[in-house]
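Open the model in your viewer and keep the sequence panel beside it. The stops below say what to select next and what is there.

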Amino acid sequence: MTPNQRDTIIFETRFGRILALKEEGIIRARSIRYAHSERFKKPVSVEASLSSMIISPEKTPVCPQALSPLVEKMIGATPVESFEVDEATQYLSITRPEVISENEKLPVVVWIHGGSHEIGCGDLATADPAEWVREQHIIVVAVSYRLGLFGFLGGDEDRPANLGLLDMIEALKWIKTNIADLGGDENNITLLGQSSGGDAIAHLMISEGVENLFQRMIIQSAPLGLRHKRQKMSAEFLTKTEILKDEADVLKMMDGYRKFLPSVIKYGLKAVMPFGTQYGHFPLCKEEESVEMWKNNAQKYDVLIGLNNDETAFYLKTSEALNKYFGKGLGLTIMDKAVEKTTALIYGNPARQFAQNLAEAGGNVYLFRIYSKLKDNPMGAPHCIDLPLVFGNESAWKSSELLKDIPWSRIHENGKKLRALWAEFARTGKISDTSERPEILELRKM
């Protein structure tokens, strides 16, 4: 369907003419290709073409992936009919206010989605930034990048590691070069990453080739406790999936790799996230050098990092097998303790240590924690509960099991205050002691 002319706007940029859609006080430019790639090759930036018109594709490009039954249940069904599978998923989408003053430059937030480096894309309704953009007068750029076998395995010449990370760097270069033409401040860019997206931006902080591409980062629920000693697991997974690397049918690849997933028994908790950033491969340093690298870069970036109080309830308390034995009485007490311990191991302790390291090295760092505060909410504040708080969009979350015990009015009330704080950090790198806090948030300057 072609949008009515009065509902569109053309941005004349140094990259080309970008056709965008106006709707309810915002402007969207969707699925702009910032790079392209061949399978298992490094991304190549897309050259500017001043005479061409960049028009959003009819369907949203998404990296080949297998749907997660847990995500489908807890967050919502994926409208697969609106997506188009594309191995080279180097696209970004821009959401900005419709009205910007002449010569005004808005702070830019770059959204790096989560999904265990295996599922998701930048343009999901549950992370639609429209509400945030309208409220806080900011620009949000959502980035899609290669996932799974295509972006976060690798480790040899035929299949390099960290290709998804290199895609993100190309996106940041595009944003740095072009965002001013769409009203953004190219010198005030904040990375926002949740879950594996948080892990990715933490590692962008110590990547080669990112100088001056961003100034701040907001790291939500990054599983930094799973980042250690992954080399043997990744090498085994790479070897076993060798037979899939030339498969023409990407759906067969998606079906095929699952039989080779690393064993939790053999590799411990890190095997629950088999794909990931890999140390010792460009653009990352060796693992033993990483902490010192973060400290060396501490004063270059403002950092806001934190987690939800009951992260692993998302996985443990939704398991039918576990609930059969640990769903009530003493079993529930054991389950609650397991959630507490695993949340601390994977998310809480690593986030606090990360923040402490940066602060001791002179960095400007804030540490936060999100709680439930509801008596009749057995899930507490699990993984992904921060997403509706940051992005709002009630209609996208109406079928979510994650929120079934939480009134939307509560999500909106706390979310609006949280969005204001996150936007304040994106503008200034600081959060004032006098700024209003949502009751569910614990926040402190390190």
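## Stop 1

Select Ser31, which is buried, with a relative accessible area of 7%; buried means under 20% relative accessible area, exposed over 50% and partly exposed in between, with a 1.4 Å probe and protein chains only. Ser31 belongs to strand S3 (residues 26-33). Helices (H or I, at least four residues) and strands (E, at least two) are DSSP runs, numbered from the N terminus. The phi of Ser31 is near 50°, a positive value in a residue other than glycine.

This is a predicted model, in which local features need pLDDT of at least 70, side-chain atom pairs count only at pLDDT 80 or more, and totals for chains, interfaces and linings use all residues. Residues are numbered from 1 along each chain as its sequence is written, and side-chain values use heavy atoms, with hydrogens and water left out.

Next, select Ser195, in the loop between strand S12 (184-194) and helix H5 (196-204). Ser195 is not a glycine, yet its phi is positive, about 60°. Its relative accessibility is 8%, so Ser195 counts as buried.

## Stop 2: a cis peptide bond

Select Phe282 and Pro283. The peptide bond that joins them is cis, with omega about 10°. Pro283 sits in the loop between helix H8 (264-267) and helix H9 (290-296). As background for these two stops, most residues other than glycine have a negative phi, and most peptide bonds are trans.

## Stop 3: the whole chain

Zoom out and colour by secondary structure. The protein chain has 15 helices and 16 strands. Its C-alpha trace spans about 65 × 55 × 45 Å along the principal axes. How does the radius of gyration of the protein chain agree with that of a compact globule? For 446 residues such a globule would be near 22 Å, and the protein chain has 21 Å, which agrees. The radius is taken over C-alpha atoms, and the globule rule is 2.2 Å times the number of residues to the power 0.38. Of the 446 residues, 57% are buried.

Now colour residues 30-318 and 332-432, which UniProt lists in an unreviewed entry as "domain: Carboxylesterase type B". UniProt positions are given in the numbering used here, feature names are shortened, and annotations may be inferred rather than shown by experiment. Residues 30-318 are 26% helix and 20% strand, with end C-alpha atoms 34 Å apart. Residues 332-432 are 59% helix and 7% strand, and there the end C-alpha atoms are 40 Å apart.

## Stop 4: strand S15 and its neighbours

Select strand S15 (residues 364-370), where six of the seven residues are buried. Which strands pair with S15? Strand S14 (residues 302-308) runs parallel to S15 and is joined to it by seven bridges. Strand S16 (residues 441-445) pairs with S15 in the antiparallel sense over five bridges. Two strands pair if DSSP finds at least two bridges between them.

Then pick Ile370 in S15. Ile370 is the bridge partner of Asn308, and it also stands opposite Leu441 in S16.

## Stop 5: a cavity and a pocket

A search of the whole structure finds four cavities of 30 Å³ or more. On a 1 Å grid over the protein atoms alone, a cavity is a set of points where a 1.4 Å probe fits but cannot get out, a pocket is an open set with protein on both sides within 12 Å along at least five of seven lines, and lining residues have an atom within 4 Å of a point. Grid points are joined across faces, edges and corners, and a volume is the space filled by probe spheres set on the points.

Select Tyr371, Ser372, Ile406, Ile411 and Ile440, which lie nearest the centre of the largest cavity among its 14 lining residues. This cavity holds about 110 Å³ of space. Helix H15 (residues 408-428) gives the largest share of the lining, three residues.

Finish at the second largest pocket, with about 250 Å³ of space. Its lining has 15 residues, and Lys317, Thr318, Pro378, Met379 and Lys404 are the closest to its centre.
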